[in-house]
Amino acid sequence: MTRGSVWHPFTQHALQPETIEISAGEGAWLTSSSGARILDLISSWWVVTHGHRHPRIVQAIKDQTDRLDQVIFAGFTHRPAEELSRRLLDRLGGVFAHVFFSDSGSTAVEVALKMALGFWRNQGEKRTRIIALEYAYHGDTIGTMSTGARGVFNASYAPLLFDVVRLPFPAKGTEDATLSALRDACRDGGAAALIIEPLLLGAGGMLAYAPDVLREMQTICWESGALLIADEVMTGFGRTGTFTACEQAGVRPDIMCLAKGLTGGSMPLAVTVCAKAIFDAHYSTDRTKTFFHSSSYTANPIACAAAVANLDVWDEEPVQERIDAISEWQESFIAEFAGDSRFTNARVRGTISAVDMVVEDQGYLSGVGPKLYDFFIARGLLIRPLGNTIYLMPPYCITHEELAGAHAAIRDGVGMVGSQ
Ligand SMILES: *Cc1c(COP(=O)(O)O)cnc(C)c1O
């Protein structure tokens with residue numbers, strides 16, 4: 001146990017005084033300083049895709065540190081960024097034309113929102129309305145909190161948040177309400193963009209919706225001219241079963257944000273990719289039309305080299321086969337929850353499974369969350385429920401046996417917590 005000067009994220013230190021010091025990671029496993037082994041079933045907050053310290057990515061980082069550590073990215077460029085940009089656009093099937101770098105999912109979304117607003121203003125059009133989904137999560141900066149769901153996470157900052165049009169979540173059977181709210185929001189031509197998490201809302205509670213709703217939302221955007229921004233920060237890099245969730249739904253957004261899995265979970269890096277028209281609206285000899293955004297470490301060469309190595313892994317290893325296998329295992333394990341009255345809403349989207357524990361106090365602050373977390377940690381499993389929603393988002397090197405053990409632990413944990 002360490003208790004020091006560090007202020008940890010999303011942590012109530014008064015209730016959670018202990019933090020576990022991790023000294024090593026390998027594949028799907030973490031090792032604590034006291035020698036405990038912990039199976040990482042949430043990919044260390046959704047970032048680690050192939051496992052910790054994939055040899056190829058580690059080697060690329062080592063090699064890059066011998067050549068170039070960091071360089072200003074305005075007026076200068078470097079091989080890792082150029083190669084990453086080219087190969088990523090290829091991977092995304094030629095839908096996008098340009099890549100803008102930043103360092104986190106939140107900044108990638110901020111960049112997307114700024115691109116959308118700049119796109120309209122540079123063309124002299126008064127379109128400023130942003131449309132977002134109920135239960136959305138897009139990050140923790142002021143702009144991304146504004147587009148995300150309002151609640152306990154951001155109540156203190158409400159005075160700083162801008163208004164968006166909020167669409168009801170397209171739960172099964174209620175999709176029409178979502179679509180007609182979107183039509184209403186687009187009707188007067190004032191909508192700048194719709195921002196969505198495609199197919200699966202992550203931090204909002206692993207809420208899945210159907211691909212055809214997403215396609216229908218795209219059609220409404222196209223008809224009204226509003227831009228479509230896909231926040232694939234979590235869903236990207238195979239999480240929902242395909243490289244991107246949009247690809248699976250046959251959707252081609254104008255702007256896409258990628259971050260968590262971009263370097264395989266080794267280095268902080270993000271990109272906002274966009275269609276040619278977005279770039280072109282900023283391309284001008286008039287300097288006021290410049291895209292005014294940067295962060296100090298934009299396109300850090302070491303992080304870019306890690307991301308290139310990650311794409312090598314995708315190209316040369318059977319990553320899709322691993323994802324397909326995990327998806328099948330998840331489907332078979334989650335089916336066992338169906339007849340169990342302690343659970344509801346068992347669901348799978350690609351490599352991710354989730355189930356809700358039946359409780360009276362639902363939501364993120366549900367009292368069962370921390371109890372379950374402690375139970376899992378005592379079993380050597382890193383599973384961090386979102387309130388009463390228990391989900392597994394394993395790295396792609398997880399084995400059938402490890403995943404089976406995690407599902408068994410969920411049943412045991414809920415049995416234990418439920419009987420208290
Ligand atoms: C995690 C997440 C973000 C924010 O990414 P950070 O790197 O934590 O800033 C944005 N959007 C979605 C959908 C996310 O899951």
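Visitor: In which helix do Glu83 and Arg87 both lie?

Guide: This is a predicted model, in which local features need pLDDT of at least 70 and side-chain atom pairs count only at pLDDT 80 or more, while totals for chains, interfaces and linings use all residues. Residues are numbered from 1 along each chain as its sequence is written, and side-chain values use heavy atoms, with hydrogens and water left out. Helices (DSSP runs of H or I, at least four residues) and strands (runs of E, at least two) are numbered from the N terminus. Glu83 and Arg87 are four residues apart, about one turn of the helix, and the element that holds both is helix 3.

Visitor: Does Arg87 count as buried or exposed, and why?

Guide: Buried means under 20% relative accessible area, exposed means over 50%, and partly exposed lies in between, with a 1.4 Å probe and protein chains only. Glu83 counts as partly exposed because its relative accessibility is 26%. Arg87 has a relative accessibility of 19%, and therefore it counts as buried.

Visitor: Which residues are linked with Glu83 and Arg87 in a network of salt bridges?

Guide: By the rule given above, the count comes to 16 salt bridges. The network that includes Glu83 and Arg87 also links Arg56, Arg91, Asp312, Asp315 and Glu316.

Visitor: Where does Glu26, which forms a salt bridge with Arg53, lie?

Guide: The closest N and O atoms of Arg53 and Glu26 are 2.9 Å apart. This pair links distant parts of the chain, 27 residues apart, with Arg53 in the loop between helix 1 (43-46) and helix 2 (55-65), and Glu26 in strand 1 (residues 22-26).

Visitor: Which element gives the most to the lining of the second largest pocket?

Guide: On a 1 Å grid over the protein atoms alone, a pocket is an open set of points where a 1.4 Å probe fits, with protein on both sides within 12 Å along at least five of seven lines, and lining residues have an atom within 4 Å of a point. The second largest pocket is lined by 29 residues, and Val99, Phe100, Phe279, Phe291 and His293 lie nearest its centre. Helix 3 (79-91), strand 4 (98-102) and helix 9 (276-280) are the elements that give two or more residues to this lining. The element that gives the most, with four residues, is strand 4.

Visitor: What is the phi of Ser43, and why is Ser43 said to be buried?

Guide: Most residues other than glycine have a negative phi, and most peptide bonds are trans. Ser43 lies in helix 1, and although it is not a glycine, it has a positive phi of about 50°. Ser43 is buried because its relative accessible area is 0%.

Visitor: What is the relative accessibility of Ser44, which also has a positive phi?

Guide: Ser44 is not a glycine either, yet its phi is positive, at about 50°, and its place is in helix 1. Ser44 counts as partly exposed because its relative accessibility is 27%.

Technical notes
A salt bridge is a side-chain nitrogen of Lys or Arg within 4 Å of a carboxyl oxygen of Asp or Glu.
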